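Hi,

Here is the structure I promised to pass on.

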2 protein chains.
Amino acid sequence: MGKNIIADHAKWPRLEDAIFKISGECKKAIAKKGKDKIINSTLGTLIDDDGNIIAFDSVYDTLKNMDKKDIASYGAIEGDKEFLDLVIEKCFGAYKPNGFIKSVATAGGSGAVRHTIWTLSGVGDYVICPNWYWPAYATMCEEYNREFLNYEFLDENFEFNLKEFTKALDFSLEKKDRVVCVFNSPANNPTGFSIEDSMWDKILEIIKDRADDGKYIAILLDVAYIEFAGDGRQKKFFQKFGDLPENIITTVAYSMSKSYTAYGLRSGACIIVSSNEEIANQVFDSMKHSNRAIWSNITHAGMNILVDLEKDEKKKKSYEKELEFYRIMLEKRAKAFTENSKKVGLVTLPYFGGFFISIPCKNSKKIAEKLKEKDMYIVANKEGLRFAVCAVSEEKCKISPKIIKEVIDEINN
Amino acid sequence: MGKNIIADHAKWPRLEDAIFKISGECKKAIAKKGKDKIINSTLGTLIDDDGNIIAFDSVYDTLKNMDKKDIASYGAIEGDKEFLDLVIEKCFGAYKPNGFIKSVATAGGSGAVRHTIWTLSGVGDYVICPNWYWPAYATMCEEYNREFLNYEFLDENFEFNLKEFTKALDFSLEKKDRVVCVFNSPANNPTGFSIEDSMWDKILEIIKDRADDGKYIAILLDVAYIEFAGDGRQKKFFQKFGDLPENIITTVAYSMSKSYTAYGLRSGACIIVSSNEEIANQVFDSMKHSNRAIWSNITHAGMNILVDLEKDEKKKKSYEKELEFYRIMLEKRAKAFTENSKKVGLVTLPYFGGFFISIPCKNSKKIAEKLKEKDMYIVANKEGLRFAVCAVSEEKCKISPKIIKEVIDEINN
């Protein structure tokens with residue numbers, strides 16, 4: 001009888017950690033055969049050509065030179081004011097939307113996604129999301145008892161599937177009065193896809209059309225990979241989220257994990273955009289309440305790093321240079337992978353930036369298994385394989401498509 | 001109509017930040033009159049006699065010498081294995097309870113309290129807690145729609161009020177099948193009170209008696225201040241939580257905030273103790289699920305610091321020496337305060353350790369207001385005043401009781 005000591009809503013089987021498992025196998029293979037022989041496409045962080053995680057000097061010099069008192073002390077519950085102001089500027093760049101904008105400090109982008117789902121939907125409401133998605137979204141919906149509804153991400157022309165999105169939206173709003181629409185763009189994980197500006201117009205047209213009286217639509221923009229998705233103009237779409245009807249609200253999950261190579265510092269923000277000041281403030285109040293009720297406040301050093309790098313012109317420049325260098329490294333790797341994919345006839349989903357490129361295929365798990373025999377370790381999901389350009393050198397990106405293509409043909413033909 | 005965009009369960013007024021407000025006023029007063037003139041009893045961190053936050057060299061040298069790759073990288077979702085093992089040893093010291101013990105990494109002690117309430121109670125269940133408590137408990141119960149039920153902490157002899165505790169427990173179990181009992185001991189915030197070992201026997205006797213078939217009792221031990229509550233023997237009570245019936249479960253909220261002066265690093269753990277291995281594992285699974293659904297993983301550097309300080313004998317010694325030094329500093333300050341309280345006839349609640357001493361009184365807010373005129377800034381709560389021995393020098397601790405006593409007499413007589 002003791003087994004029911006866990007409340008029903010909180011009973012979950014042990015979280016599968018498929019990535020952790022294959023990553024461990026890969027490490028063993030590297031230890032045995034040497035890193036040059038193995039292609040490690042299991043990681044989700046920027047890795048240099050020698051297999052080491054990239055940690056920006058600008059970021060970690062700032063941390064190491066930080067007064068220890070500023071690391072030790074608590075940040076404010078909602079986040080420190082300077083951080084909250086600057087993170088809005090950093091996120092939107094030249095394209096801040098019109099409206100009332102507030103931000104709340106969160107534990108990475110994860111915390112911002114969590115806050116959005118918690119505050120802007122209720123039990124049983126739908127969270128709609130393309131079928132190529134970051135698995136933590138599903139875990140969050142489980143945890144809070146929201147319905148996680150997936151729709152086909154891309155149409156036959158590899159464009160955002162407006163029709164399937166609309167069907168999911170209509171289905172949700174027919175059943176319930178509120179819905180959260182998750183968009184992980186630009187530079188989607190796991191595909192690298194970005195929704196184009198003209199497509200955003202069409203999406204917003206539909207959302208506005210469906211936002212009848214009594215219906216509430218939350219748009220969650222998870223932009224974790226945005227700094228690796230172009231030279232700044234990829235932020236232009238943000239402007240479209242200004243001046244929307246007040247029963248549509250936009251939140252942006254901003255993460256320092258990728259853009260500052262600060263994964264382990266758990267720093268980020270939820271940025272709230274509303275055309276109504278009171279609503280923006282009330283969502284802020286709700287999320288501040290959540291902060292106190294979960295983690296109290298976030299890593300102070302993380303907030304300080306962002307502030308220090310923004311306020312010192314020299315540091316800012318060196319950070320931006322470093323980011324640019326690694327963004328271009330990533331572009332080169334991705335180019336090597338996609339060009340060679342074309343050469344060997346390996347179908348990949350359109351890549352516009354970010355850490356991953358996806359290969360749609362059946363039997364993805366079998367294929368990933370077989371690829372181990374070819375010394376390639378790669379993450380399989382329901383819809384295909386996730387190739388980690390963030391973690392594989394340009395040289396290996398060149399040779400990988402052929403290896404993958406051969407195994408797919410072997411298994412699926 | 002847009003205002004209902006927030007789901008009903010998540011609507012909260014802006015969190016009052018009374019401490020932040022008075023702390024700001026105090027800072028202004030210091031800027032104007034000089035720090036020597038002002039008694040700042042508003043802070044909740046260890047502060048040296050010069051008014052600066054204490055950040056252990058052993059901790060921050062470890063951080064500053066840490067390979068930046070180990071700071072940048074993600075920790076495991078549930079926490080890194082070495083950390084999870086060592087945190088159990090660190091927490092229990094020589095007094096590990098008998099049974100199956102698992103730990104989950106959490107964002108500070110806050111995260112562990114959150115996980116306990118979330119996993120081990122359901123909507124509408126009672127969380128029972130003495131009426132001198134850390135306000136975040138109440139915020140968490142609000143957030144998750146649990147009933148936060150307070151009982152009179154101490155009886156007329158200033159001993160733990162077993163009768164009132166029992167009444168609250170019985171009330172809760174009459175209404176519902178599960179209950180969470182929060183104990184912030186040893187070195188309670190805000191009182192410094194510790195429940196004695198013999199009293200724990202009585203409490204556990206009652207809990208065991210009430211744990212009938214079909215009832216589930218969770219015991220949450222929030223031990224945030226434990227390292228400042230004695231020389232190790234204060235941990236003896238932990239052994240009592242071994243071999244309990246399997247429908248009683250114990251969780252320990254372990255925080256690195258105070259014991260490592262690592263407030264801003266948001267590192268801690270929820271330690272699960274059960275006499276049934278499967279239950280311990282299932283609670284772990286539930287909390288790992290929560291981790292993924294909230295913050296993904298916690299600050300990697302925090303976990304690494306604990307591991308580094310445990311594994312290097314020299315570093316460990318220097319950390320322990322530093323902790324000892326400041327524990328004694330705190331003891332001296334507290335002694336100065338309590339001795340002088342006795343001298344002037346100021347009633348204080350029994351103090352056994354920790355960061356605060358409480359003065360029960362009516363009209364606490366008025367008194368705190370009046371004390372500002374005497375250049376003392378102090379936090380008022382419903383039941384009295386919270387004097388921060390963590391933040392006030394020994395010299396000032398000596399003179400403070402008289403100042404407080406005079407104002408209490410002035411206002412209340």
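A term to start with: a salt bridge is a side-chain nitrogen of Lys or Arg within 4 Å of a carboxyl oxygen of Asp or Glu. The side chains of Arg14(B) and Asp285(A) form one, with N to O at 2.4 Å. Between chain A and chain B the count is 6 salt bridges.

Before you go further, some housekeeping. This is a predicted model, where local features need pLDDT of at least 70 and side-chain atom pairs count only at pLDDT 80 or more, while totals for chains, interfaces and linings use all residues. Residues are numbered from 1 along each chain as its sequence is written, chains are lettered from A and ligands numbered from 1 in the order in which they are written, and side-chain values use heavy atoms, with hydrogens and water left out.

Now the interface. Chain A puts 90 residues into the contact and chain B puts in 90 residues (contact means heavy atoms within 4.5 Å). Together the two chains bury about 7600 Å², 60% of it on carbon and sulfur atoms; buried area is the accessible area (1.4 Å probe) that two parts lose on being put together, summed over both. On the chain A side, Ile5(A), Tyr74(A) and His289(A) lose the most area to chain B, together 10% of what that side buries.

Next, one arginine inside chain A. Is Arg333(A) buried or exposed? At 1% relative accessibility, Arg333(A) counts as buried (buried is under 20% relative accessible area, exposed over 50%, partly exposed in between, with a 1.4 Å probe and protein chains only). Arg333(A) sits in helix H12 of chain A, residues 313-344; helices (H or I, at least four residues) and strands (E, at least two) are DSSP runs, numbered from the N terminus. Its side chain reaches the backbone oxygen of Ile47(A) at 2.7 Å, and a polar atom of that side chain lies 2.9 Å from the backbone oxygen of Val389(A). Ser393(A) is 60 residues away from Arg333(A) in sequence, but 6.6 Å away in space, C-alpha to C-alpha.

Last, the cysteines. How many disulfides does the structure hold? Over all chains there are 0 disulfides, a disulfide being a pair of cysteine sulfur atoms within 2.5 Å. For Cys181(B), the nearest cysteine sulfur is that of Cys129(B), 10 Å away. Cys181(B) is also buried, at 1% relative accessibility.

Cheers

Terms used:
Polar contact = N/O pair within 3.5 Å; in protein donor to acceptor, adjacent residues only side chain to side chain.
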